[in-house]
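Colleague: Could you take me through this model? I would like to go over its sheets, its loops and its surface.

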Amino acid sequence: VEFANAEQIPSIVFTGSFDDKTRAKILDLDVIDYVTKDAPGSVDYLVSIVQRIYRNRRLTALVVDDSRTARKLISKYLQQYQLKVLEAESGAAALEILNENDTPDGNDLRLVITDFHMPEMDGGELIRSIRKRWPKNELSIIGLSGNDDSHLSARFIKMGANDFLTKPFLPEEFFCRITQDLDMNDQIKALRHAATRDYLTGMYNRRFFFDVATPIFENAKRREADLMVAMIDIDHFKLVNDTYGHDVGDEVLKAVALTLNETTRDTDIIARFGGEEFCLIAPEMAPKSMAGHLEKFRNEISKL
């Protein structure tokens, strides 16, 4: 472990013998976690930790506390867990950081850890402000407090926090809560993706298309604005499947889908309608522009 730490490689200890003395010795080595070999699920848990650490390297956490000492300690734990860390000494500074990072190409800021007792804006007010813009399934919030008020944890949750910890806390509990909240968000993202995306091409599916296209159509109708809709069908697709097999047909579908995604505007919605059919809805596009748009599609696809 000491050698791995020197090389900045995160470590997990897997041990068969365990007691309080061994636990203290292990944790003094700044390991991420320890796992005991005392149950059939131990290996599964170990694998889940490794996967979590790997995913954490793409994520950012924000620590909010008016105490510099407390911020540095929590930041150290999070960095040990391979998360990128940002710090804020007040609620106002935290909201500023969140706004700066709320961009498609910004850091994937997925976790906020905030103290409750802070001047000007306490943790509860900060959570309420965050939840006006970022829902629970997009941004996890863990509340912290040194106050042993038993009602505070319920207040935090009702205000919009995902979880709550009382200081001082054990590092193991801290890591378990972080993992649980991030895993939950990953699962919700995966379910949402499965519900709205076509499994083969990754494009939006027919159901999502109608959910989104209906209000777009109604809005264009009300404003008497230009709106174009196109059905796109791959010529001779059955011949591809019959000649080369369905595996090659799948590759054709994926290649066409990729080309369509790359040649549409950010404001367009395009979905796989089923089989070899795709549908495009293009707000604020005039007929002449759509004709050129579709010819561009046709040319690009014919090159495949």
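This is a predicted model: local features need pLDDT of at least 70, side-chain atom pairs count only at pLDDT 80 or more; totals for chains, interfaces and linings use all residues.

Colleague: Which class does Glu-284 fall into, then?

Modeller: Glu-284 has a relative accessibility of 47%, so it counts as partly exposed.

Colleague: And where is Glu-284 found?

Modeller: Glu-284 belongs to the loop between β10 and α12. Its phi is positive, about 55 degrees, although the residue is not a glycine.

Colleague: What is the phi of Glu-120?

Modeller: Glu-120 is not a glycine, and its phi is positive, near 70 degrees. This residue sits in the loop between β5 and α6 (123–131).

Colleague: Is Glu-120 buried or exposed?

Modeller: Glu-120 is exposed, because its relative accessible area is 81%, and the cut-off for that class is over 50%.

Colleague: Let us turn to the sheets. What is the strand order in the sheet of three strands?

Modeller: The order is β8-β10-β9; the sheet is open and its pairing is antiparallel. Its edge strands are β8 (227–233) and β9 (269–274), each of which pairs on one side only. On average, neighbouring strands in this sheet are turned by 20 degrees against each other, with direction ignored.

Colleague: How many bridges link β8 and β10?

Modeller: Seven bridges link β8 to strand β10, residues 277–283, in the antiparallel sense. As for individual residues, Met-228 stands opposite Ala-282 in β10.

Colleague: Which helix lies across β8, β9 and β10?

Modeller: That is helix α11, residues 246–262, which runs at about 5 degrees to β10. Helix α12, residues 287–302, also packs on the sheet; α12 touches β8 and β10, and its direction makes about 25 degrees with that of β8.

Colleague: Now the sheet of five strands. What order does it have?

Modeller: The order there is β4-β3-β5-β6-β7, in an open sheet with parallel pairing.

Colleague: Which strands stand at the edges, and why is one side of each left without a neighbour?

Modeller: They are β4 (84–88) and β7 (163–166); each has a single partner strand, so one side of each has no neighbour in the sheet.

Colleague: How many bridges does β7 form with β6?

Modeller: Strand β6, residues 140–145, pairs with β7 over four bridges in the parallel sense. Leu-144 has Leu-165 in β7 as its bridge partner. Helix α7, residues 152–159, packs on this sheet, where it touches β5 (108–115), β6 and β7. The direction of α7 makes about 155 degrees with that of β7.

Colleague: Finally, the surface. Which residues form a nonpolar patch there?

Modeller: Phe-14, Val-43 and Val-47 form the patch, and together they have about 230 Å² of accessible area. One of them, Val-43, is found in helix α3, residues 42–56.

Colleague: How does Val-43 count in terms of accessibility?

Modeller: Val-43 counts as partly exposed, because its relative accessibility is 46%.

How values were computed
Residues are numbered from 1 along each chain as its sequence is written. Side-chain values use heavy atoms; hydrogens and water are left out. Patches are made of residues with over 30% relative accessible area and no salt bridge: like charges are joined within 9 Å, nonpolar side chains (Val, Leu, Ile, Met, Phe, Trp, Tyr) within 5 Å. Accessible areas come from the Shrake-Rupley method with a 1.4 Å probe; for residues, only the protein chains shown count as cover. A salt bridge is a side-chain nitrogen of Lys or Arg within 4 Å of a carboxyl oxygen of Asp or Glu. Helices (H or I, at least four residues) and strands (E, at least two) are DSSP runs, numbered from the N terminus. Buried means under 20% relative accessible area, exposed over 50%, partly exposed in between (1.4 Å probe, protein chains only). Two strands pair if DSSP finds at least two bridges between them. Axes are lines fitted to C-alpha atoms, for helices over the stretch in contact, and angles run from 0 to 180 degrees between N-to-C directions. Contact means heavy atoms within 4.5 Å.
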